[in-house]
Amino acid sequence: MMAVCPLVDLARGEARRLDVEPPIAVFHTEDGELFAIDDTCTHQDASLADGWLEGCEVECPLHASKFDLRTGAVDAPPAKRPVRTHEVSVRDGVIFVGVSADAPSAPAGVQVSTNAAPVSTDAT
Ligand code: FES
């Protein structure tokens, strides 16, 4: 599990991009739920953390594809492939992400490594 930040530092309605490889976006919805998905849109090279969060969906800032944060599924085109989702938990007030072992879905022309380099790790 990768430590992200204290929960109080990620306000509802906000997202945080983790500069790991490939990058991960962590979202805190207005309802107080936390989700983590690969940050790079599967259509082209855009950061979903810079997109618009609405309920359990994020809209890509470049061409407005929408992804369901719960499943990674595409809810609106032009993207066709889902984004990878990651496990999120909160322990002692700190957000942690468990990086999925599934292969990421990178857009055409974008190379991603599957060697996630953690920002920091917990000792457990
Ligand atoms: S880059 Fe995301 S919809 Fe095109």
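This is a working chat about a predicted model of one protein.

Biologist: What is the mean pLDDT of the protein?

Modeller: The mean pLDDT is 91, and 90% of the residues reach 70 or more. Over residues 117–124 the pLDDT is below 50, and beyond near neighbours in sequence this stretch has 14 contacts in the model.

Biologist: What do I do with a part where pLDDT is low?

Modeller: Where pLDDT is low, the predicted coordinates should not be read in detail.

Biologist: Fine. How many helices and strands does the protein have?

Modeller: Zero helices and ten strands. From the N terminus on, the elements run β-β-β-β-β-β-β-β-β-β.

Biologist: In what order do the six strands of the open sheet stand?

Modeller: The order is 1-10-9-4-3-2, and the pairing is antiparallel. Strand 1 (2–6) and strand 2 (14–18) stand at the edges with a single partner strand each, so one side of each has no neighbour in the sheet. On average, neighbouring strands of this sheet are turned by 25 degrees against each other, direction ignored.

Biologist: What holds strands of a sheet together, in general?

Modeller: Strands of a sheet pair through backbone hydrogen bonds, either parallel or antiparallel.

Biologist: Back to this sheet. How many bridges join strand 2 to strand 3?

Modeller: Five, with strand 3 covering residues 24–28 and the two strands running antiparallel. R17 stands opposite A25 in strand 3.

Biologist: And how many join strand 3 to strand 4?

Modeller: Also antiparallel, strand 3 and strand 4 are joined by five bridges. H28 has L34 in strand 4 as its bridge partner. The two strands form a hairpin with five residues between them, and in the turn G32 has a positive phi of about 90 degrees.

Biologist: Is strand 4 mostly covered or uncovered?

Modeller: Mostly covered: four of the five residues in strand 4 (residues 34–38) are buried.

Biologist: Which strand pairs with strand 4 over two bridges?

Modeller: Strand 9 (residues 85–91), in the antiparallel sense. A36 stands opposite H86 in strand 9.

Biologist: Change of topic. How many residues are in the largest nonpolar core?

Modeller: There are 26 residues in that core, and A25, V26, F27, A36, I37, L48 and V97 have the most contacts inside it. The elements that give two or more residues are strand 1, strand 2, strand 3, strand 4 and strand 10 (94–98). Strand 3 gives the largest share, four residues.

Biologist: What is L48 in contact with?

Modeller: Leaving aside neighbours within four places in sequence, L48 is in contact with A25, I37, D39, C41, V58, C60 and F67.

Biologist: What percentage of the protein is buried?

Modeller: Buried residues make up 31% of the 124 residues. As for contacts, among those between residues at least 6 apart in sequence, 46% join residues at least 24 apart.

Biologist: How many bridges join strand 6 to strand 7?

Modeller: Three, and the strands run antiparallel. The bridge partner of E57 in strand 7 is D68.

Biologist: Next, the backbone. Is the peptide bond from E21 to P22 cis or trans?

Modeller: That bond is cis, with omega near -5 degrees. P22 lies in the loop between strand 2 and strand 3. The bond from P77 to P78 is cis too, with omega near 20 degrees. P78 is in the loop between strand 8 (74–76) and strand 9.

Biologist: What about A64, is its phi positive or negative?

Modeller: The phi of A64 is positive, near 75 degrees, in a residue other than glycine. A64 lies in the loop between strand 6 (57–59) and strand 7 (66–68).

Biologist: Why does A64 count as partly exposed?

Modeller: Because A64 has 14 C-beta neighbours inside 10 Å, and partly exposed is the class between 12 or fewer (exposed) and 20 or more (buried).

Biologist: And D92, where is that?

Modeller: D92 is in the loop between strand 9 and strand 10. D92 is not a glycine either, but has a positive phi of about 50 degrees.

Biologist: Is D92 buried or exposed?

Modeller: Exposed, because D92 has 8 other C-beta atoms within 10 Å.

Technical notes
Residues are numbered from 1 along each chain as its sequence is written. This is a predicted model: local features need pLDDT of at least 70, side-chain atom pairs count only at pLDDT 80 or more; totals for chains, interfaces and linings use all residues. Two strands pair if DSSP finds at least two bridges between them. Axes are lines fitted to C-alpha atoms, for helices over the stretch in contact, and angles run from 0 to 180 degrees between N-to-C directions. A nonpolar core is a set of buried Ala, Val, Leu, Ile, Met, Phe, Trp, Tyr and Cys residues joined through C-beta atoms within 7 Å. Two residues are in contact if their C-beta atoms, placed from the backbone, lie within 7 Å. pLDDT is the predictor's confidence in each residue, from 0 to 100.
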